[in-house]
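Please look over the model below with the sequence at hand. The paragraphs after it go through a few of its features in turn.

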Amino acid sequence: MDMPVINECAVEDCAYNRDRACHALAITVGDTRNPQCDTFFTSRNKGGDPSNTGRVGACKVSSCRHNTDYECRAPGITVGYQQSEVDCLTFAPA
């Protein structure tokens with residue numbers, strides 16, 4: 001199984017974001033109920049690999065229809081703000 005790609009990240013102040021693209025090797029989404037990006041943090045320095053596009057390594061939101069055994073099965077996701085939280089905007093209730 002290939003890890004889903006992060007098609008876009010609108011959270012420009014994230015340390016892994018360059019030009020609305022995530023460059024973390026893999027992110028983790030959620031706690032058991034909320035689809036927030038657990039990998040998000042701010043820093044003056046940018047991290048990740050600028051030559052790679054980020055992917056979803058794990059998803060802890062079992063109530064998402066894209067989640068199978070805590071793995072995301074969506075072809076790709078979008079990360080952005082849901083009110084003041086940095087969330088997976090592709091989340092869809094099962």
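Phe 41 is partly exposed, because its relative accessibility is 40% (buried is under 20% relative accessible area, exposed is over 50% and partly exposed is in between, with a 1.4 Å probe and protein chains only). This is a predicted model, in which local features need pLDDT of at least 70 and side-chain atom pairs count only at pLDDT 80 or more, while totals for chains, interfaces and linings use all residues. Residues are numbered from 1 along each chain as its sequence is written, and side-chain values use heavy atoms, with hydrogens and water left out.

The structure holds 1 aromatic pair (rings of Phe, Tyr and Trp, the last by its six-membered ring, pair if their centres lie within 6.5 Å; planes under 30 degrees apart count as stacked, over 60 as edge-to-face and the rest as tilted). The ring centres of Tyr 16 and Phe 41 are 5.8 Å apart and the planes stand at 85°, so the pair is edge-to-face. Tyr 16 lies in the loop between strand 1 and strand 2 (17–18), and Phe 41 in the loop between strand 4 and strand 5 (56–59), so the pair ties together parts 25 residues apart in sequence. Strands here are DSSP runs (E, at least two residues), numbered from the N terminus. Tyr 16 is partly exposed, with a relative accessible area of 22%.

Tyr 16 is also among the residues that His 23 touches, including Arg 18, Asp 49 and Pro 50, not counting residues up to four places away in sequence (contact means heavy atoms within 4.5 Å). His 23 sits in the loop between strand 3 (21–22) and strand 4 (27–29), and is buried at 9% relative accessible area.

Notes. Helix = DSSP H or I, 4+ residues; strand = E, 2+ residues; numbered from the N terminus.
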